[in-house]
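Please keep the sequence and the model in view while reading the points below.

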Amino acid sequence: MTRLELNPQSAAALNRLLDQALDLAPAEREQWLASLPAEFAALQPRLQDLLSRAACVETSDFLGTLPKF
Amino acid sequence: MSAQPTPLTDLIRRAHDGETGALQSVFELTYDELRRLARSRLQTVQRAAVLDTTMLVHECYLRLATAKKLAVEDRVHFFRYVGRAMRSIIVDIARGALRAKRGSGDKPVPLSTTICESTSAGEAEVLRVHDALDDLAQLDPRLVQVVEMRYFAGMTEADIATALGVTDRTIRRDWEKARLLLARALAS
C-alpha cells in the first residue's frame, strides 16, 4: 500500500491544492499543474497521480458500495 | 413525545466529545442493531443503490428509537456515531471471515493461497480501506468521517452533511478527494 508519508505542512498544502485542482474542469488541470509555484514542486508528481485517477474513480463508481462477503 | 435525553443519547454526546468510556458503552448498547445493519449491507445480493443502504441506517435508528434507547430528536447524534461504529464492526467481520477462510485451530490451512486470495477480495478491500484511513486523517479528519459514513455505513451525502453540519457540496468534494487518495493507496 502506498503511504502518504507527508509532514503536517505538506499534507495541508496537498489538501488545499487538491481542492483547487478539483474546482477546475479536467481539461484545465494539466496546465494548472504545470504552472504550480516552485515551492510545491515536491507535491506535483503526487497531485498528478491523484488527478489522473479522477475519471476512473468516477466512471467505475470506486468504493460506491461495500463488497459482499 | 419527550425531548428528555435518553441515557444512550447522553452517552453518544459524551462519546462525540471524546470520552472513551462513553463510546464503549454506546457501542455495547447498539452493537446488536449495528451488527444486523452491517450484515444486511454485506450480504445484499444485488449491488445496493445508495437509497437502499441509507434506508438500512434509518431503519436501524428507528429500531433503537422504538426500543426507547434513543430519542427521536437525536437522529443527528446517532448519525455522527454510526459511521465510526460501522467501520469497527465491518472490519471485525472482514477479519473473522478471512480467518475462517484461511482456517484456524485444527482446520488445515489451504495449500493454495491463490484460491484463498481470489475468494477474499472483498474482505481485503475493506481492510485496506481501513488501514489507509490513517493517511487521510493527516489531510483532513473529516475525510475519514465521510468515508466511514458513506462507505461503511452507506449514508447519503445529505444525511452526512446534516450530521457534520456542512453543505452537501462540501461532502461531495470530501468524498471525491477521499476516493482519489484511497484509489492511490489501494493501487499498489
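1. Leu34(B) is in contact (heavy atoms within 4.5 Å) with Cys60(B), Phe78(B), Tyr81(B), Val82(B), Ala85(B), Met86(B) and Ile89(B), leaving aside its neighbours within four places in sequence. Leu34(B) and Phe78(B) are the residues with the most contacts inside the largest nonpolar core, which has 81 residues. Such a core is a set of buried Ala, Val, Leu, Ile, Met, Phe, Trp, Tyr and Cys residues joined through side-chain atoms within 4.5 Å. Helix α4 of chain B (residues 75-102) gives the most to this core, with 13 residues.

2. On the basis of the values: this is a predicted model, in which local features need pLDDT of at least 70 and side-chain atom pairs count only at pLDDT 80 or more, while totals for chains, interfaces and linings use all residues. Residues are numbered from 1 along each chain as its sequence is written, chains are lettered from A and ligands numbered from 1 in the order in which they are written, and side-chain values use heavy atoms, with hydrogens and water left out.

3. Chain B has 9 helices and 0 strands; helices (H or I, at least four residues) and strands (E, at least two) are DSSP runs, numbered from the N terminus. Of its 188 residues, 48% count as buried, where buried means under 20% relative accessible area, exposed over 50%, and partly exposed in between (1.4 Å probe, protein chains only). Among the contacts in chain B with a separation of 6 or more, 65% come from residues 24 or more positions apart.

4. Turning to the interface, 28 residues of chain A are in contact with 43 residues of chain B. The area buried between the two chains is about 3600 Å², and carbon and sulfur atoms give 58% of it; buried area is the accessible area (1.4 Å probe) that two parts lose on being put together, summed over both.

5. Between chain A and chain B the count is 7 salt bridges, a salt bridge being a side-chain nitrogen of Lys or Arg within 4 Å of a carboxyl oxygen of Asp or Glu. One of these links Arg169(B) with Asp23(A), with the closest N and O atoms 3.6 Å apart. On the side of chain A that touches chain B, two or more residues each come from α1 (8-23), α3 (44-52) and α4 (54-59) of chain A. The most come from α1(A), with 7 residues.

6. Arg179(B) and Asp61(A) also meet in a salt bridge, at 3.8 Å from N to O. This pair crosses between chains, from helix α9 of chain B to the segment after α4 of chain A. Arg179(B) counts as buried, at 5% relative accessibility, whereas Asp61(A) counts as partly exposed, at 37%.

7. Within chain B, Glu176(B) forms a salt bridge with Arg173(B), the closest N and O atoms being 3.6 Å apart. The two are separated by about one helical turn because they are 3 residues apart in helix α9 of chain B. Salt bridges that share partners join Asp19(A), Asp23(A), Arg169(B), Arg173(B), Glu176(B) and Lys177(B) into one network.

8. Which residues does Leu182(B) contact, leaving aside its neighbours within four places in sequence? They are Phe62(A), Leu63(A), Val129(B), Ala132(B), Leu133(B), Leu136(B) and Val147(B). Leu182(B) lies in helix α9 (residues 168-187) of chain B and counts as buried, at 0% relative accessibility.
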